[in-house]
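Student: I am new to this structure. Please take one part and walk me through it closely.

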Amino acid sequence: MADQPLERPIDLLDLAPSPNGTKPAGRTSRAQWVYETLRAAIHRHHFTHGDRIREEDVARSLGVSRTPVREALSRLQSRGLLEMAPGGLVIAALARPQIMELYAMREILEGSAARFAALKASQAEIDSLYRIHEAFDRARESAPRMAQVNRDFHQGIYEAGHNRYLMRTLDELHDALTLLPSTTFTVTGRPVTALAEHGAILDAINARDADRAESLARDHIAHALKARLELMFSYA
Ligand SMILES: [Zn+2]
């Protein structure tokens, strides 16, 4: 798999941030456009870890020169989404220690986001979170749909926290999270407990109880890690 060239060029162009794959002019904005397109492709699991990403393939797929592609690839590498393997750049994989570190940070940051949301959220933001929470309940039949709505729920909490630096840090953390294969919502019982946990976090935010919101959000991530480890390292 690692030696396969980049395929599905039309799909890749479909993931571009601008409509119909319209490329911006100018070298810097073009590099940014390539970066966003590849990042979207990784987020949507268009690639999986170990997939080789070749400069010339990306350039051809997206119809751009190699210079902006080189810049975009170097940025993806510095953000940990790509790594150097013996024959060139590949989609990075996370080993168990990295996963532990990632969730340790996530526990702190998601806890802080819930705390800030309890202090700063507008009533409209809280109402919107309740609507996402209901959509999460309705999504229980489909693990990928649950994963998407879960992402929206957490994103809603970050935004309701109104702290741009926290949001930026969480954004970077989510880049790493997308490198993890599949979703924890396939683990038996996880959808039901996650739903209950979301409900409790939300009620604490709605009650403006910052301590409780933070502590429940931290517990939620600790439970997600447990499900993640069960999923990835269980040999039963
Ligand atoms: Zn969640």
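Tutor: Start with the buried residues of helix α9: R190, P191, A194, H198, I201, L202, A204 and I205.

An α-helix has 3.6 residues a turn, so residues three or four places apart point the same way.

The face of α9 turned away from its buried side carries the exposed residues V192 and A196.

Next, the helix as a whole. α9 covers residues 190-206, 17 residues in total. From its first C-alpha to its last it reaches 24 Å, close to the 24 Å expected at 1.5 Å a residue. Just after α9 comes R208, with a positive phi of about 60°.

α4 spans residues 66-78 and has 13 residues. Its reach, first C-alpha to last, is 18 Å, close to the 18 Å expected at 1.5 Å a residue. The buried residues here are P68, V69, A72, L73 and L76. Seen down the axis of α4, they fall within an arc of 135°, so they line one face of the helix. G80 follows α4, and its phi is positive, near 85°.

Step back to the chain. The protein chain is divided into domain 1 (9-91) and domain 2 (96-233). The C-alpha centres of the two domains lie 28 Å apart. Their contact takes 6 residues from domain 1 and 5 residues from domain 2. On the side of domain 1 that touches domain 2, there are 2 nonpolar, 3 polar and 1 charged residues.

Last, confidence. The protein chain averages a pLDDT of 89, and 92% of the residues score at least 70. Confidence is highest in α6, at a mean of 97. Confidence is lowest in helix α1 (residues 9-14), at a mean of 64. Over residues 1-5 the pLDDT is below 50. Beyond near neighbours in sequence, that stretch has 11 contacts in the model. Where pLDDT is low, the predicted coordinates should not be read in detail.

Methods: Residues numbered from 1 in each chain as written. Predicted model: local features only at pLDDT ≥ 70, side-chain atom pairs only at ≥ 80, totals over all residues. Helix = DSSP H or I, 4+ residues; strand = E, 2+ residues; numbered from the N terminus. Expected span 1.5 Å × (residues − 1). Buried ≥ 20, exposed ≤ 12 C-beta atoms within 10 Å, placed from the backbone. Arc of directions from axis to C-beta. pLDDT = per-residue confidence, 0-100. Contact = placed C-beta atoms within 7 Å. Domains from an automatic or database assignment. Nonpolar A, V, L, I, M, F, W, Y, C, P; charged D, E, K, R; others polar.
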